[in-house]
Amino acid sequence: MSINTQPVTINLGPQHPSTHGVFRLRVTFDGEQVIDVEPVFGYLHRGTEKLAEERNYVQIVTLTDRLDYVAAMTNNLAYVRAVESLAGISVPDRGMYLRVISAELQRIASHLIATGFLLDELGAFHTPLIYCFRERERILELFEMLCGARITVSYMRPGGVFQDAPIDFWPRLDDFLSSMPGYLDELEGLITENEVVLARTRDMGILSAQDAIDASITGPVLRATGVQWDLRKAEPHEVYDRLDFDVPIGSVGDTYDRYYVRVQEMRQSLRIVQQCVEQIEPGPVRSETPYFIRPDAVDTYVGTESPKGELGFYIVSDGGISPYRMHIRAPSFINLTTLRDLLVGWKMADLIVIFGSIDIVVGEVDR
Amino acid sequence: MYGLGLAKGLVVTAKNLVLPSRMMTIQYPDRKVGLLGLSKATDTSLVDLIRKDPVNVFKALLGIADVKTSLPQHPRFRGEEFNWYEQRCTGCASCAKYCPLGIIEIVTSESGDQMQEGQKYHLDKFDIDIGRCMFCGLCVEACPYDALHMGSGFEEGKYRRQDLVIDKRQLVSAKKKPSTWFRPQLSNKNYDPHKGKNVKWDSAGRHEKPSLQQQQDKWAKR
């Protein structure tokens with residue numbers, strides 16, 4: 001006698017703790033095995049691109065906070081760089097250093113969340129996640145000193161940053177920089193050699209380098225496949241060409257590599273911040289820019305390396321005080337294009353882990 | 001050896017379970033304390049405490065006396081309860097024009113038939129709908145006369161949406177403890193809204209108030 005199973009279609013989400021926000025997956029199972037995946041999104045669509053058309057160039061900074069809401073600083077950076085290239089605004093040195101410091105701190109915070117939630121989805125429920133959140137909290141406190149808010153920072157402006165760092169920011173930053181490597185060792189002690197983690201992540205959800213390039217995947221997901229592509233190295237912006245750092249890459253492109261690349265990137269970010277602290281010199285933080293910026297009627301695309309990948313802003317100006325059209329190249333959205341190929345053939349429990357290792361934020365997917 | 005990684009991980013968890021420096025939970029808004037904690041929090045000696053507040057002392061002996069906790073906050077924190085100085089405001093509505101959400105409503109009228117130098121428009125209405133506010137601080141950045149400042153508090157929960165519209169009367173009577181967001185003149189004076197006193201309207205600006213001598217020098221030439 002043989003037992004036959006019928007395919008069953010199940011909704012994962014939109015309200016599900018493992019989907020990183022209001023994201024829905026229609027999964028067809030044959031027994032435990034995934035045979036088809038259809039991502040459904042748009043539940044968090046706020047029309048950022050349309051809203052930008054009726055706001056001036058400085059007001060849009062507040063909208064970009066809400067794209068990838070766990071990495072608001074890098075969103076700010078990507079947007080103001082696009083406006084600066086559009087309107088030909090120069091940035092003073094100290095402003096650029098402050099921008100790099102805050103963007104790299106934000107990268108650490110974002111990768112801590114990615115790592116913590118990966119463990120959460122592996123079944124290490126909440127305890128390691130809270131360890132990650134505890135360290136992230138220290139970064140958010142630094143942001144509160146810097147700009148008065150923890151998540152919706154709105155720190156950067158076209159032409160620099162809005163205000164210089166307060167004087168008691170620097171000892172706190174030094175304190176953070178000296179204790180963070182020890183904490184990362186501790187986090188790695190918890191995960192990197194853990195047999196359960198290895199059994200659940202090694203050789204799972206393998207993405208080949210060619211597939212990743214064909215689907216224009218960027219960020220840690222691309223670097224885990226062994227491709228050394230980082231916009232900070234490839235097209236040095238801000239002061240990245242004066243800083244010495246490595247681009248960590250993985251070898252296989254599996255779930256474990258994606259985790260490991262992120263941990264190593266956090267170490268590199270710490271190195272970058274350390275060098276910035278040594279190189280920064282007193283001076284103005286913002287160039288003289290008018291309240292209402294009126295660029296010429298041109299268009300520009302500028303990509304910036306955000307924690308999730310290449311975050312690009314394409315802005316078309318008609319010569320007015322607000323953009324005629326703004327398009328956002330959201331890395332979370334584009335990294336999802338190979339989701340079906342990654343997930344088909346794996347079991348239900350592995351689906352959650354592979355999906356989590358891509359590290360999406362729904363605010364950016366839906367915009 | 002198989003299982004070594006697991007053991008390593010368990011050591012990390014055990015360390016975090018035991019070491020007091022790794023504990024991070026802050027009880028908010030109240031924290032339960034014992035007798036010594038109560039004496040420390042209220043800054044009174046044990047003898048005074050027993051004489052004045054025997055009920056709380058009894059609770060403290062059981063370990064359930066409540067003490068209010070304040071969360072650490074930085075002077076630049078962009079809080080609710082906007083600080084607005086009527087004396088400084090000219091009703092130019094720069095803040096209303098610069099607000100990305102358009103939630104500031106300003107209505108002005110001429111204060112007399114013939115405007116003299118030094119007079120300004122009369123402000124009939126100055127409403128901020130903080131229920132829709134996202135506290136980006138652009139209004140504060142836009143204010144040319146340093147009349148509007150971000151507040152420093154965050155405990156502004158209300159039961160109805162209408163109550164979240166702050167009108168002119170509420171703004172005038174609110175505590176004047178501005179945040180130092182975009183106000184370097186306050187942060188340069190090492191002002192901390194959680195420790196400092198109320199800031200008066202004449203010391204909140206980016207220029208110092210001229211001394212009597214300076215005023216006499218200036219106006220004697222007229």
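This is a predicted model: local features need pLDDT of at least 70, side-chain atom pairs count only at pLDDT 80 or more; totals for chains, interfaces and linings use all residues.
1. Contact between the chains. In chain A, 24 residues are in contact with chain B, and 26 residues of chain B take part in return. Three helices of chain A, namely H5 (127-147), H6 (169-191) and H7 (195-201), each supply at least two residues of the side that touches chain B. H5(A) gives the most to this side, with six residues. Sorted by class, the side of chain A that touches chain B has nine nonpolar, nine polar and six charged residues.

2. A sheet in chain A. An open sheet of three strands in chain A has the order E6-E7-E8, and the pairing is antiparallel. Strand E6 (299-306) and strand E8 (325-329) of chain A are the edge strands, each pairing on one side only. From one strand to the next, the twist averages 15 degrees. As background, strands of a sheet pair through backbone hydrogen bonds, either parallel or antiparallel.

3. The hairpin in that sheet. E6(A) and E7(A) form a hairpin, with two residues between them. Eight bridges join E6(A) to strand E7 (residues 309-316) of chain A. For two examples of facing residues, Glu305(A) has Glu310(A) as its bridge partner in E7(A), and Thr304(A) stands opposite Leu311(A) in E7(A). Helix H3 (residues 72-87) of chain A lies across E6 and E7 of chain A and runs at about 150 degrees to E6(A).

4. Overall form of chain B. Chain B has nine helices and seven strands. Its radius of gyration is 25 Å, whereas a compact globule of 222 residues would have a value near 17 Å. The C-alpha trace of chain B spans about 85 × 55 × 40 Å along its principal axes. Of the 222 residues of chain B, 25% count as buried. Among contacts in chain B with a separation of 6 or more, 72% come from residues 24 or more positions apart.

5. Ser154(A). Most residues other than glycine have a negative phi. Ser154(A) has a positive phi, near 45 degrees, and is a residue other than glycine. Ser154(A) is found in the loop between H5 and strand E4 (156-157) of chain A. Is Ser154(A) buried or exposed? Ser154(A) counts as buried because it has 27 C-beta neighbours inside 10 Å.

6. Asp146(B). In chain B, Asp146(B) has a positive phi of about 55 degrees although it is not a glycine. Asp146(B) has its place in the loop between helix H6 (138-142) and strand E6 (148-151) of chain B. Why does Asp146(B) count as buried? The cut-off is 20 or more other C-beta atoms within 10 Å, and Asp146(B) has 20, so it is buried.

Definitions and conventions
Residues are numbered from 1 along each chain as its sequence is written. Chains are lettered from A and ligands numbered from 1 in the order in which they are written. Two residues are in contact if their C-beta atoms, placed from the backbone, lie within 7 Å. Helices (H or I, at least four residues) and strands (E, at least two) are DSSP runs, numbered from the N terminus. Ala, Val, Leu, Ile, Met, Phe, Trp, Tyr, Cys and Pro count as nonpolar, Asp, Glu, Lys and Arg as charged, and the others, Gly among them, as polar. Two strands pair if DSSP finds at least two bridges between them. Axes are lines fitted to C-alpha atoms, for helices over the stretch in contact, and angles run from 0 to 180 degrees between N-to-C directions. The radius of gyration is taken over C-alpha atoms; the globule rule is 2.2 Å times the number of residues to the power 0.38. A residue is buried if 20 or more other C-beta atoms lie within 10 Å of its own, exposed if 12 or fewer, and partly exposed in between; C-beta atoms are placed from the backbone.
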